[in-house]
Structures are given as structure tokens and as C-alpha cells.
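I am opening a notebook on this structure and will write down what I looked up, one topic at a time.

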Amino acid sequence: MTITEDRPASNDAAEVGKARTRKEDQRLITGRTKWTDNIVLPGMLHLAMVRSPYAHANITNIDTSEAKTASGVITVVTGEDIKDVQGVNANAWPITPDQVTPTHLPVCIDHVACAGEIVAVVVARTPAEARDAAELVDVDYDVLPAVLDLKEAVNDTVLAHPDLGTNKSAFWKLDSAEQGSGGNVDEAIAKARVDGIVIEREFRQQRLIPAFMEPRSVVVDPTGDQMVVWSATQVPHILRFLIAATMGIPESKVRVIAPDVGGGFGGKLQTTPEEFATIAVSRRLGKPCKYTETRSESLLSGHHGRDQWQKITLAAENDGTVTGLKVDLIANMGAYVAVVGGGVPVLGAWMYNSIYKFPAYQFNCQTVLTNMTWVDAYRGAGRPEATFAIERMMDEFAAVLGRDPLEVREQNWIRHEEFPFTTVAGMTYDSGNYEAATEKAKKLFGYDELRAEQKQRRESGDPVQLGIGVSTFTEMCGLAPSRILGQLNYGAGGWEHASIRMLATGKVEVLTGSSAHGQGHETAWSQIVADRLGVAFEDVEVLHGDTQIAHRGMDTYGSRSLVVGGEAVVRAADKVIAKAKVFAAHLLEASEDDLEFTAGRFQVKGTDKGLAIGEVALAAFAGHNLPDGAEPNIDADATYDPVDFSFPHGTHLCAMEVDTETGATTMRKYACVDDVGTIVNPLIVEGQIHGGLVQGIAQALWEGAEYDENGTLVTGSFVDYTLPTSADTISFISEHTVSPSTTNTLGTKGVGEAGTIASTPAVVNAIVDALRQFGVDDVLMPCTPERVWKAIQAGGAKPGVPAEGEREAAPHFDEGAPNDDRPATPDTTATTQGGAQ
Amino acid sequence: MIPASFDYLAPTTVAEALAALAEHGDEAKVLAGGQSLLPILRMRLNAPGIVIDLGKIAELQGISEDGDELVIGAMTTYAAVLASGAVSTHAALLSKAIATVADPQIRHRGTIGGALVHADPAGDVGAPALALGARYVIAGADGATRTVEADDFFEDLFTTAVGEGELLTQIRVPKHTGWGAHYEKFVRVSHQWSIVGIAATVRSEGGTIAEARVGLTNMGSTPLRAKAVEQALVGQPATDEAVRSAVASVAEGTNPPSDLNGDAVYRKHLASVLTRRAVLAAAGA
């Protein structure tokens, strides 16, 4: 028993707040661990997928005869072969009752709706033999016209799924006047047209690919009483549920294990066709089977993210006070509505108004089907899109006013004394201090000095111009209160579960339903428990990712792990203490009221009598001397359902140098001050911020999935899908303010997505700020040098920035388009159409 | 990604390699550093019956001096070329260009000869080799060697003067001792192929350009040499204005590709900007 020696001596030794290096890093970094693809089972067979090269086609024949006779091949399975047992890739969040949701079969039977869909599965003794034989499967396709443009898709001229009769999947609306959380946005816009300012812009959220480090992999062992599925997934619990729900296998017979998982970024928040196909084939053969995707398959067939057109109308008074915000989205679902695909753009509904006090607000979202890879969560999921749009608009607004963009934001944001604040979208923000974060960020950034340099470069006509971009973001994280999810027709709850096992030797096992895939749960949870129970950090073991061990859980996404899962851990620990206290009082022959629990010891007040919690655990294990009727057990469980979201925020400032001769952009400086509430581990938070920043900056500058006119993914390898490396980024300045959340015990807010959400608009705002002098007011993402250079060339021909006092909104949207709010046609919001751009 | 199966041979002499090539004909693919071939095999864009690995042939590696020329073995890695004092002294342009190739891992595997024979127009060694007037020693099946002049080596996209059954053995680079050099590579992310690259090396005499050599990367189906620009630069002062005027026509007659990184019009524009910068940097201005 070493607990009493190792326990923290005083509060100075508190684990929470300590920049511990991560327990899990040695095994993760060296790869000496269990990745799914490392798992080898006796007699295991290997799968290779035959995939459609066409974006849209009917399958007229599949000839597997030659492949079946190839070396090492056990069999070749088609969709027809397993049609009754392959399950389905479910949509768990129908956003409207009448959502059009195409059936998403793991292995297609007669119709493929995007390139890369699986049409046959080859099973062989080795991966190489499976791959070789996949080339021998002869599939006849009747190629159909493909719809590849989401604005065209809305017109229903070419259908992604001809049997459905439309590409329009669902229309979802939030209106502040209708729900009673604010005024009428059309009236606000109409008034501003008369005596105020109206700004209308359209932005493109390009399609991105979540390029996690470990490609997806699945191993299925159907032998024995339970079927065991190892998968490189973010969501072992959701996967287990959906296997049971769609494949007709009793849930109690399914064990899902997500061993160490190498990143996800939302890209593994999915139940994949490959998982279901491997399960179906493995059960059919009664043999363990493995499928590991290649990187090319990952880029093509792992779900994609973003892909929206956003039309935004901002109304304001001439003094810079915002009066209304209207949002119209067309969101590309791709070929199918993925597990939470339709809900991802809708998550933006509460975020476009952001930190600003818009009195009137409306959000409209039309989801559409196309013949492209399906779209689902990607780091931030709906919130980066919203934040980009509003932060770009606030910079445009400041430009129209001819004022500093931070000053205009401050005029409109929620002041720190106004928290908790209920927004026009109906959310209640728990805490924050935008003034403090901004003040700190400006100092770290050297805002005034950089503005001076910018002015000097403009005046001297320097070929390298400087731009400064602002992003004062917030986000909602901690998915999610189950009652809200129920109101939104989401297919599950948002709670999280934790168990604490007090071992006889003084060690502590923590089981969490929030399955990490690189976030560092093992370290952070250990810190929380070490403090709460007064045990040594090293004595805490965190177990996760196996539905047989951590049997209840909702997994990891939406910056929920710490704020929801961490709170469950806290509550389980408090239950352990409460149970142990009864035992301690008995053993110490004292009244419970006379005991105090500090630093891991139950102490009889005013005496030197006491017991460490580990000693109580040993006594419970032995069971020799317990209170009458007590169970010999001080373990405890807690399931926590959050009462509300938490709302981290931050001020991000970015300086970009733009080489006006080539269009090349270079990041000069990036400073951010994030308020993520109480910080458990500053090192992990720093890592999340840095990685998040790079991912958001990459959307602004480098990444974009592109298809050709036939629906073939052009960016099908890392040669063309230009992920940045450390060589492409600079050192960021990242600090914090702390406004503890009021919605959980530790005061934490989520941080997993903050950097990604905040950084994209900061970068694009900086580029536009550098170019505004040339008459440029937007550059499509990714802001490639070619696009920047062409914007300068095209902008130079324009009259330039609106003159001081010029209040006309430009450009107007097309007549009849959803955001065309000209007084003559004030109410055209009932349907969403793709307006010309 | 798993390539289709193939046989593998690792000869230890050029003669053995040539004999194997003669035996297997177009079934064979030659493996140098593998930085292009292996991805091609793994993505199953090619499925040779046999891969002949030149990695164990000692005589193909190394750098030496032979009178007015540097002699670089075809299987010398980028990293070895980069580490060579002889190259940085006598053919600085090559060092400058190779320093920009991909990343350290690739530079330790990839070879100069492999890159030249692969002849990807976006590769970074073709244009400097062309600008420096490198000559190529090619060994044929009969054991005889022939030497191909710089201007005759690159024939088309992925096509050089190295014929079926032949191997590039040496690159002979005329010494440009005392010439300033700069390779201006334009990319979006650091590990990317050149969108456009400009190789410039200049001999200056008292602030005036006495001689200049300019090679263009990814401005056509092969590396290109801008001889008219080279001529126009002779006698010019190394000033922004003079060089700008001399290189203005650098993209004339070029046929660059259009892709996600930029269309041909943009690449032509880039070429003139980057050539000016490369020449000025090479001239030490």
C-alpha cells in the first residue's frame, strides 16, 4: 500500500492544471501498441473491396468466376449474396419527418450512387492475393448521368437516385420570430434597406477530407459465443448498437473494441460499409476476417466534410449596430445521408449569430443529394462553417463602415457582465469574457504595430502587402443534453458514463464510455481522479473503447469528452467517496459527521486518526469488518446527462503577407487567446489548439476535394490533396483566459474543435484585408496563389472599395433567390434554390 | 497498397544489369531510388514482370572530377549530391535545386539518375541539368557507351534518350566555377512537386551579367532552357529593371499544364516573375 505516501501533500500538488506529458504517448508514438491492423487471429482471412469507378451507374452483371479461381482466394461475395444479412448504413438523425433518405447498403446490389462504392468483396488467404483477385472481378455497368454540382442538384434535372424523384433531402428552418427568441428578420432587413446598411454575401465551404493518420481497419472474429469486432472507430458503442439494430444480431452477442485509434477528426464518427461488409462476410464464412483500407480508398470512400454554399444577409444601423442576420444554406450530403450527415449543417443553426446581439435571426438549410462521396462530421461539424460566414461578414461590415473590425465586433458582442446570455437562436451561453480575451490577444499579436506596418506597406506600394484578419468565435460543445437531442429527432441521447473500480492493492481503474482516439483521455482522466480521490496519478488506469469493459458510452466527438465524460468521472468518484465514508466511519469508530475527506484520507476531525481511501478499499475487499448490511464494495458508476452545452470562445488574430506579384501568401503571425474554461492539462490543450489551428488554416489555404466532370475524385492522393506539414506552418502564439463553465463541476469547456473553428476566417479575413485596396472582397477557399493573383487582377478592374458613406449592399442576390430581400419581393424564403453565383 | 507480384533482381554490375534488361525486355522495370516507381507499382498503375534494382551496383554511385567536368554516378542519391563540396563549388545550381526536392527522407532515397530518366517535367533536377549543359553517358546492351548532349536528352513527357535495354550510368556536368546560382521553386505546400521552378546560374563581372543559363521546370512536357532570355541577359546590369525587361518573354513558346495548382496563363505569368527573382538572386543582387 503506497497510497498514503504518494498522495498529494497539498493543493499545490493538484493534478488538475498540471502540464503532464501523456501516459499513452510512448506506445502510440513508437507504434508498439494495438492498432486494429496489428491484430492477427488464427486462420484469419483478408478482404479486398471491388469498387465502382463510376459516380452513377446501374450494375448489370458481376462475373466473379475468374477471381474465385485465383490463387489463395476463398470466395468472392456480392451484394446479392448477402442482401438479407448485410445490414444498412443508418442515418441516425433525420432532421425532418419527411427527409428523403436513400437506403445505403454496405455492398451495392444493382445501383451505385458515387465512385468508390463497394460492389464485391474478395476474400483470400493474404491481403496481396485478395488485392490481385479484386482486379479479376468483371463488373458490367450501365453508366447514368451524374449530378455533381449542389446548386444544379437543387433543380432536380439530373437525379442522384432516380427512384427517389428528387435530390432535395430536407429543408430545415429556425426563425427567431417564430420560436419567440427574437424579432422578424425580414422586417429588420427591409428597414435597413431604407435607413441602414445591408450586406449580402455568398461563401463557399469547399469539400474537405478528414485525413486521419491511421487508415480505417476492421477485424471481425465470429467464432465463440460473441462476435468480436475490432475497428479503428471513434464510436464503438454506436457501432455496436447499429450492428445489432440493422444486422439482426442480438446486441448481447456483439462486442466492439476500438483499440488504440490513430486520429479521427470526425472521419471515424461513422458506421462504415466496410465494417458491415466485413461482418457479413466473416459470419457467412465463420472465419475471422480483416479489412484495412489503403490511403487511396480512405480519401475516396471515407466520408468527406463541409461542402456548402452559404448566402448571408446582415442588416445593421448606420452606427454599426447589427439588427438582423439571415442565413440560407445548400448543404451537400453526397450520395447518402450519413449517420449524422443531415444534422451537421443544422448544428450551425445556433452558431451563425455567434457572440453578437442580433435582435432578429433566421436560418434556412436545404440538404441535397449528389453523386459524390457522402458527407458527415469533420472537426467542428457545422460550427466552422457558421463561424467562417459570420466572421467574414463582420469584417465585411467593418469595411463598409470604414472602421476597425475589432471595434465593430465589440460594439455588438455580449458583454461579460451579461452572462448567462440567451441568444436570438435560443441558446444560453454559460460564461465568457470577450473583452478580456481580445485585449490579451491584441497585446500578444502586436495589433497596433502590425496595423502601422500595413499602412506603411500600402503607402509605399510594397509588392508584398500585409493583411490582418480577425476571428472572435464561440462554439457550442459538450454534445449534448439528451432532451435537446430528442427535440431535434436525434436517434440517441447525449449522456456519458463512467465507472470507478477501487482495487484491493490501492490502484484505481476508471472506465469511461468516451473512447479516445488520440485526445489523451488516459492522462486527463487520471489527473481528475487523482485529485478527486487523493490517489497518485500513476495509480490510476483508464480503460476505454471496449464495449465489454466500458459497456455504456456515447463515444468521442463534438468536444464532449471532458465536459460530459469528465463530469461522469467526477460524479462516479464522488459516489466512491460517499460509499467509502460509511466504511471509514465504521472502521475508525467515528460518526460520519466527524470525518473529513482531504487529500485521499478520511480524517477524524481534531485527531490524528484516519484512513486512506486505499485502506478502505482493502477493507472492503477483505470484507472482514464492515458496517451491518453493507456490500463489500466501494466501486461506483455514474451516468451524466449534461444540463446544457458549454460555450468556449476566443479571439484569433492572423497576419498574412501577400505577394501581389505571384499571389503567394505567407503567414506572418498568428496569436490566439482561447477561453476553454478550467484547464485540466495545459499541454494537451496546447496540442489541441495547435493541431486545430493547422486544420482550420489548411481549409483556408491548402485543402479541397475536387472531382472532375465524370465524378472521379481528382484529389485522390496526397500528391493532389495538399495536406500541410510542419514545414508549412509557423509557431503560433497561444494563451488563455479562464471563464469557468457553469454547466459542470470542473468548470471545463471543450477544446477539441476550437482551433479549427476559429482559424479559417481569421486567415481568409487577413488575405482579403491585404487585397481590399485592390477592390477584392472575397477569395474562394482554398485561397491558392492562383486565386489570390487572379482576384487582384480582376479586382483591379473594379471601382474599388465602397467610398466612405456609401451604403449600398453589393452584390445583390438574384431576384427570386432565397436571400433576395429587396423590398419588392420581401418574402421569398419559403424555398431554397441555388442562385447564380 | 499492394503492388501486383513481380520478380526481383539486384545485379551488382552494370553488365549484369544490362544483360538482365536484354533478357526480360519490356517485362522489366529499372528501380533506382524508387521514389516514383514504388508509388506507381503500389497504385497498380504499372505491373512489370520483373524489377531490376540498381541499388547494389557500386560503380553507379559517387561523384568525381574529370577535367572541366563533374562526373556524377546515376545512382548517387540527392542527399549525396547535396553533401558534395565539389558540386556546390562547381555546379551550385544543382545543389540549390536539389535542396528543394521533397523532404529529407525522399532525398536520402531518391537518385539523380532515377529522376532524370523518369523525366517528370515537374521534377527539380531536369531544368538545372539542362541549364548547366550536362551530358549523359548511356550504356547499351552490347556494353558500349554513348554520350548524349544536354539538348538531346529530354524527348517528351517521361521520355528521354535512354532507350530500351539501355541504362544511364553517368551525368557529366560542365564546371561552372564561380557562377552564382539560384533555384526558385514555387509550391503551395513544401513537399509538393514544383508548380513552376526556375533554375538560373549567372557569371557576373563587376555588377554586369557576363553569361547566364536559365532552365524552366514544369513549363512544358520536358524541362526547357530559355536561350533567348540567356542571350538577352548578357551585358545587362544585375538590376531589377534591367533583368525584368530581359526575362519578360521567358514564357513565350512554352506549353505549361493547367491543373488544380494553376492554369497555363497563371504559370506563364509566374515564370516571368520567378525568372527575374532567380536571375537576380543568382547574380547576388
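Before I looked at any strands, I noted that two of them count as paired if DSSP finds at least two bridges between them. I also noted that this is a predicted model.

Entry on the sheet. I looked up the link between β2(B) and strand β3 (residues 50-53) of chain B, and found that 4 bridges join these strands, which run parallel. Within this pair I found Val30(B) opposite Ile52(B) of β3(B). I then followed the open sheet, in which 3 strands of chain B are arranged in the order β1-β3-β2 with parallel pairing. Because β1 (7-9) and β2 (28-31) of chain B stand at the edges with a single partner strand each, one side of each is left without a neighbour in the sheet. On average, neighbouring strands here are turned by 25° against each other, direction ignored. I saw that helix α1 (residues 14-24) of chain B packs on this sheet and touches β1, β2 and β3 of chain B, while its direction makes about 165° with that of β3(B).

Entry on the core. I looked up the largest nonpolar core, which has 343 residues, and noted that Val122(A) and Val279(B) are among those with the most contacts inside it. Helix α18 (residues 561-588) of chain A gives the most to this core, namely 13 residues. Leaving aside neighbours within four places in sequence, I found Val122(A) in contact with residues including Leu47(A), Ala67(A), Val76(A) and Val137(A).

Entry on the contact between chains. I noted that 21 residues of chain A and 17 residues of chain B take part. On the side of chain B, helix α12 (residues 264-282) supplies the largest share, with 3 residues, and the residues of that side divide into 10 nonpolar, 6 polar and 1 charged.

Notes
Residues numbered from 1 in each chain as written. Chains lettered and ligands numbered in written order. Predicted model: local features only at pLDDT ≥ 70, side-chain atom pairs only at ≥ 80, totals over all residues. Contact = placed C-beta atoms within 7 Å. Helix = DSSP H or I, 4+ residues; strand = E, 2+ residues; numbered from the N terminus. Nonpolar A, V, L, I, M, F, W, Y, C, P; charged D, E, K, R; others polar. Core = buried A, V, L, I, M, F, W, Y, C linked by C-beta atoms within 7 Å. Buried ≥ 20, exposed ≤ 12 C-beta atoms within 10 Å, placed from the backbone. Axes fitted to C-alpha atoms, helices over the stretch in contact; angles between N-to-C directions.
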